[in-house]
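I open this notebook to record what I looked up in one protein structure. The entries follow the order in which I consulted it.

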Amino acid sequence: MYRNFFKRIFDLVLAIIALPFWLILLAVIGPIIYFQDKGSIFYNAPRLGKDGKIFKMYKFRSMKMNAPDIRNEDGSTFNAEDDPRLTKIGKFIRKTSIDETPQFLNILKGDMSIIGPRPDLPEHMELYEGNESRKLEIRPGVTGFNQAYFRNTIPWKERIKNDIYYIDHLTMLMDIKVFFKTVILVLKREDVFIEQKSDDKNGEKANV
């Protein structure tokens, strides 16, 4: 009942409550992002949603316009605090996870949930093996089990296993634990999303 009904209700209620505060944040952060390099305020990244449906995940833009896509030797995204592709305000909103807050709009649209597996890139669909596509059984989340307990410092395949574990043990209590664990990490500025960043064709990092 919680997974199929009340989880969505809670998502909507919390997103609606947070919306006025986010609009204030937008009014402050938006112009700063724009005047850094006269570029767009938002960055929209295609991601895999529930049942494999592709949606646009919203973020505040943290990187310079047309930043190059830089990869590590293992194909993962280059990611460092001193990444020269980041704008000045981009470093701050990354560090504080403010860049993720536009995803409240995705929650209102029904693309995402507050808690859930972080969405993968569309091309990751071809890399799923065995039952790994099960992570698409529920809406992806702004934060999730991996972000709260592992800060995504584990390999992608292991994160998928954790995502499926979360799905199999999804309860209201589980979501409450993940929510408050994430809040604590963000308040301590421990880079909840730092290891899960992934680039798209424009080089903008996004959580996966």
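The entries below go from the whole chain to single residues.

**Entry 1: the model.** I noted that this is a predicted model, in which local features need pLDDT of at least 70 and side-chain atom pairs count only at pLDDT 80 or more, while totals for chains, interfaces and linings use all residues. Residues are numbered from 1 along each chain as its sequence is written, and side-chain values use heavy atoms, with hydrogens and water left out.

**Entry 2: the whole chain.** I found six helices and six strands in the protein chain. Both are DSSP runs numbered from the N terminus: helices are H or I with at least four residues, strands E with at least two. Along the sequence they follow the pattern α-β-β-α-α-β-β-α-α-α-β-β. I also recorded that 49% of the 208 residues count as buried; buried means under 20% relative accessible area, exposed over 50%, and partly exposed in between (1.4 Å probe, protein chains only).

**Entry 3: helix 5.** Helix 5 covers residues 156–168, 13 residues in total. From first to last C-alpha I read 19 Å, close to the 18 Å expected at 1.5 Å a residue; the expected span is 1.5 Å times one less than the number of residues. The buried residues of helix 5 include Trp156, Ile160, Ile164 and Ile167. What do the buried residues of helix 5 pack against? I listed helix 1 (2–37), strand 3 (113–115), helix 4 (145–149) and helix 6 (172–187).

**Entry 4: arginine 61.** I located arginine 61 in the loop between strand 2 (54–60) and helix 2 (88–95). Is arginine 61 buried or exposed? Arginine 61 is buried, because its relative accessible area is 4%. Its side chain makes a polar contact with the side chain of aspartate 37 at 2.7 Å. A polar contact is a pair of N or O atoms within 3.5 Å; within protein, one must be able to donate a hydrogen and the other to accept it, and residues adjacent in sequence count only if both atoms are side-chain atoms. The C-alpha atoms of arginine 61 and glycine 30 are separated by 9.3 Å, although the two residues are 31 apart along the chain.

**Entry 5: aromatic rings.** Rings of Phe, Tyr and Trp (its six-membered ring) pair if their centres lie within 6.5 Å; planes under 30 degrees apart count as stacked, over 60 as edge-to-face and the rest as tilted. I counted 12 aromatic pairs by this rule. One of them, phenylalanine 145 with phenylalanine 150, is tilted, with 6.1 Å centre to centre and 55° between the planes. Phenylalanine 145 is buried at 13% relative accessible area, whereas phenylalanine 150 is partly exposed at 31%.

Key: Contact means heavy atoms within 4.5 Å.
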